[in-house]
Amino acid sequence: MNPSRSDVLILGGGVIGLSCALHLLKGGARVRVLEQGTPGCGSSHGNCGTITPSHAAPLSMPGTLGVALRSMLRADAPLYLNPRFDGPRLRWLLGFARHCTWRDFEHAAQARAAILHRSRGLIAELIRNDRLDCEFVEEGLLYVYRSSAQMADDEHHHAQLLDRMGVPVQRLRGDEVEAMEPALKPGVHGGLFHPEDARLRPDRYVAELARRVSEQGGMIETGAKIEQFATDGKRIVGVSTSRGDFTGDCLVMALGAWSPLLGKRLGLRLPMQPGKGYSLTYTRPQLAPRHAMVLREAKVCVTTWDSGFRLGSTMEFSGYAEGLNRGRMDALRRGAAEGLREPEGPQLQEEWWGWRPMSVDEIPIIGPSTRWSNLHLATGHGMLGVSMSAATGELVAAQINGTTPMIDPAPYAPARFGL
């Protein structure tokens, strides 16, 4: 038997790739994961770890592009568009603008809600049944408002959408929010509480997924940077990496923000851009928030675990420019200081940045390729990779195994982009 051959070869060892691997292994497939770094070293590592059925609403709504264009004048804006000319980014923006309609907003929200709801239940079941040690807590997510205008806007475009989709959301007065969260500074106008949301420590969750993949017999090749593909007609017959050559009857592209770069080598033009996010991780402050929360005016996400405390969020479109933007890190600190009594923990443990894979229509790209007969795509999850991971793995496994998916695969199909 060829030791480099597998039933399924998964490209990418982040939360999506590992979730696909685990579901396929449990279905009896022989699986190998190719990861250019270490499992979860990309955006799976430094995100805020919230599991959010509440985040059904996409970024692409009327008016968003105007906000992004105005942000070019402020490098520390929560949503920042770098003014440097970049052809692929410009094409993506034009495509994104075409999806900023109420019709497309509603369509994307429905698709996102379905996979988020399914994944929320699967994640809880997986953590319980496989005994994953990742500080999983089911205590909801709180949106905190200090202005009536921001809360009214979110009530109209966010809360009412969740009402229509059957996702619970509780409206709270300012005094109720302050009683619920003593870590907040006084002056809260109100809040929206999402009781079905949860949180976990994402780096530990990914490490636990990698552990279970290995225990189930899966192979994880670290430091395996993909160098080229071997093809024959409509099939991909091999993958050459810095760790050697590998083959698989079926391939799954789960490369996150790197998917468009590798996709080019296969003649695929994935309509995606990297959206850079940032986070700051501290040891836990004495007066830490009881719930995961979003300080809405500052657009800062705050997550507390037993082992630490993280500030995160922001969205920066600067192409594949690497490195920390100090101004954006400082903006996270300022936003937290406006809302929290103890905005930072005693010790700063990590300053992090990473690229999220932003699809042009804000719907993940999951399913069989129309160009390559043995390729499946599992990418484009934006800021919701952890939240959508388990349902993505389940859907990919069902499609490869030829079983009936638990959610309608049509909204996520690569065919909508001719991929």
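Predicted model: local features only at pLDDT ≥ 70, side-chain atom pairs only at ≥ 80, totals over all residues.
Local features need pLDDT of at least 70 and side-chain atom pairs count only at pLDDT 80 or more, while totals for chains, interfaces and linings use all residues. Residues are numbered from 1 along each chain as its sequence is written, and side-chain values use heavy atoms, with hydrogens and water left out.

View 1. The structure holds 0 disulfides, a disulfide being a pair of cysteine sulfur atoms within 2.5 Å. Cys 250 is in no disulfide, and the nearest cysteine sulfur, that of Cys 20, is 10 Å away. Cys 250 is buried, at 10% relative accessible area; Cys 100 is also buried, at 13%. Buried means under 20% relative accessible area (1.4 Å probe, protein chains only).

**View 2. Helix 4, residues 87-98.** Helices are DSSP runs of H or I, at least four residues, numbered from the N terminus. The 12 residues of helix 4 reach 17 Å from first C-alpha to last, close to the expected 16 Å; the expected span is 1.5 Å times one less than the number of residues. Buried residues in helix 4 include Arg 89, Trp 92 and Phe 96. At the start of helix 4, a side-chain oxygen of Asp 86 lies within 3.1 Å of the backbone nitrogen of Arg 89.

**View 3. Packing of helix 1 (residues 15-26) and helix 11 (residues 385-401).** The two axes, lines fitted to C-alpha atoms over the stretch in contact, are 8 Å apart at an angle of about 40 degrees.

Technical notes
Buried < 20%, exposed > 50% of the residue type's maximum accessible area, 1.4 Å probe, protein only. Helix = DSSP H or I, 4+ residues; strand = E, 2+ residues; numbered from the N terminus. Polar contact = N/O pair within 3.5 Å; in protein donor to acceptor, adjacent residues only side chain to side chain. Axes fitted to C-alpha atoms, helices over the stretch in contact; angles between N-to-C directions.
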